Amino acid sequence: MTLHVLDKNQLHTEQKQQFEALQEAPIKVLQIGEGNFLRGFVDWMLHETRKQGLYDGAVAVVQPRPSGKAKIEALAAQDGIYTLVTRGLENGKAIERTEQISVFRQAFDPYEHWQQFLALAEQPELRVVVSNTTEAGLAYLPESYKEDEPIVSFPGKLTLLLYRRYQAFQGDANRGLILLPCELLERNGDTLRACILRYCEDWQLPQAFISWVNEHNHFLNSLVDRIVTGYPKQEQAEAWFQHWGYRDPMLTTAEPYHLWAIEGDKSLAEELPLHKAGLNVLWVEELKPYQQRKVSILNGAHTFMALYGLLHGLQEVRAAMEHEPTSKLIRQTIEQEVIPALPYPAEELRAYAEQVYQRFLNPYIQHRLSDIAMNSLSKFKTRLLPAIEFHLQRNAEASLPQGLATAFAALLRYYRVEQSDDGYVGKTFERDSYVVQDDPAMLAAIAQVWQKQAGVHDAASMHQIVVHILELEQLWGINMHHRYPTLADQLAAILLRWEEYKG
């Protein structure tokens, strides 16, 4: 049987009616990010809310980087429709739900269609901007503004979108936007605002516009929590395709658990009434407790197990949690080293950690460690470095606890890379190859350090490698070696042991 790719022709009658209504709906949400997470989180929430008749807005989606062109075009070719499979334990029972998600009215490449992107600013009913560009994407990148040429960075694009809106509506106070970044950065809304204001200064935009940005736009700090595992193994995907009667290259999978905590005036929730659809969306006065526990415990454990697990030949989260030495190391590090670094009741944090472990063991989720390991340099700084600095600052001459030291060493060892035709390539302890995806400039700098000591594995050379990496201020924001002079000794000892005994 020949299977067609999912599009509007594969929808059932009721779904077609919903799709047709969507094409007439006003664009109320601009989404910057075409990846699995937003499609398995925000877009699923919007779909559920629309399905219940609680929201009438549509979404325009663009990718934040030129490299996302293929995916955004694939999504557009499917009329913006894709399949989400939700699998896991819900109230102690195994569930599996399959839904065809349809919330996109436009899906296009903003680099090829720059004016179409800016024209979204003139949509009178546009109200919300959501984004997920990874921690590395929500950052200031110095660049010049040239009329009619697309801006590379996400905050830069948004600056000009806001400026176009300001001009189109002559500074109308009621035409400001609600900005909801989903990047895993503490105070992500504040960070986005700061980046935009820097571009305003760089490009000498009018002071009246800057005042409008500050006074009439809502930059909300938010925290997202759901494991979205993306495209499944091909064997599983093919089995589903045969059962459904169509193919879907944009298929994604997720766990049932979800939380979106938003720090902001609860009156704004009425403009995006996801909570009314029974979704776990919380509008809170202070986000920090939710942020710190999730980023440090769930995301910190993810980053640690991805780096350490891949070096040991493990491929998925569940496999890492079922691998007794790795699981024991992760649990001990979280419970004995990360939780004590957080300023909240330990009992509550341990209960949350236990919930996280159970989510990691979800038998239906195939969460690839290689996906988690993408952009680990910025992720590590956000997720694990705060706990590391907590312990080091208590006594700069003391050693790190063993778990966090192992996590830090795993980061350095995972980024022992060489440039090749496939990109920057590293080797596991068993000498299998893997490709590291991260900021090219940072990869080049780290590769250069490792290359200087290629083939030399004595204690002195390993110590020198670690010192040079810790001294990369463009990586850490500070000179880590100068601040913590004994750290290199401990990390070099772990790395040397791995060289001698393969972990």
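Me: Is Cys 195 buried or exposed?
Reply: Cys 195 counts as buried, at 6% relative accessibility. Keep in mind that this is a predicted model.

Me: And Cys 200, buried or exposed?
Reply: Cys 200 is buried too, with a relative accessibility of 1%.

Me: How far is the sulfur of Cys 195 from the closest cysteine sulfur?
Reply: That distance is 11 Å, and the closest sulfur belongs to Cys 200. Seen from Cys 200, the closest cysteine sulfur is in Cys 195, again at 11 Å.

Me: New topic: sheets. What is the strand order in the six-stranded one?
Reply: The order is β6-β3-β2-β7-β8-β9. This sheet is open, and its pairing is parallel.

Me: Which strands stand at its edges?
Reply: β6 (104-108) and β9 (218-219). Each has a single partner strand, so one side of each lacks a neighbour in the sheet.

Me: How many bridges join β3 to β6?
Reply: Four. β3 covers residues 58-62, and the two strands run parallel. Ala 60 stands opposite Gln 106 in β6.

Me: What does helix α1 touch on that sheet?
Reply: Helix α1 (residues 13-24) packs on the sheet and touches β3 and β6. Its direction makes about 70 degrees with that of β6.

Me: OK, the four-strand sheet. What is the order there?
Reply: β5-β4-β13-β11. This sheet is also open, but here the pairing is mixed. The edge strands are β5 (93-102) and β11 (228-230), and each pairs on one side only. From one strand to the next, the twist averages 20 degrees.

Me: How many bridges do β4 and β5 share?
Reply: Ten, in the antiparallel sense. β4 spans residues 81-90. For Thr 83, the bridge partner in β5 is Gln 100.

Me: Which helix lies across β4 and β5?
Reply: α3 does. It runs at about 80 degrees to β5.

Me: Where is Asp 56?
Reply: Asp 56 sits in the loop between α3 (42-51) and β3. It is partly exposed, with a relative accessible area of 43%.

Me: What does Asp 56 contact, beyond its neighbours within four places in sequence?
Reply: Ala 25, Pro 26, Lys 28 and Arg 50. With Lys 28 there is a polar contact between the two side chains, at 2.6 Å.

Me: How far apart are the C-alpha atoms of Asp 56 and Arg 383?
Reply: They are separated by 37 Å. Along the chain, the two residues are 327 residues apart.

Me: Last stop, Arg 413. Which helix holds it?
Reply: Helix α18, which covers residues 402-414.

Me: Is Arg 413 buried or exposed?
Reply: Arg 413 is buried, with a relative accessible area of 4%. Buried here means under 20%.

Me: So what does Arg 413 touch, leaving out residues up to four places away in sequence?
Reply: Among them are Leu 311, Lys 427, Thr 428 and Phe 429. The list also includes Arg 431, Tyr 434, Leu 495, Trp 498 and Glu 499.

Definitions and conventions
Residues are numbered from 1 along each chain as its sequence is written. Side-chain values use heavy atoms; hydrogens and water are left out. Two strands pair if DSSP finds at least two bridges between them. Contact means heavy atoms within 4.5 Å. Axes are lines fitted to C-alpha atoms, for helices over the stretch in contact, and angles run from 0 to 180 degrees between N-to-C directions. Buried means under 20% relative accessible area, exposed over 50%, partly exposed in between (1.4 Å probe, protein chains only). A disulfide is a pair of cysteine sulfur atoms within 2.5 Å. A polar contact is a pair of N or O atoms within 3.5 Å; within protein, one must be able to donate a hydrogen and the other to accept it, and residues adjacent in sequence count only if both atoms are side-chain atoms.
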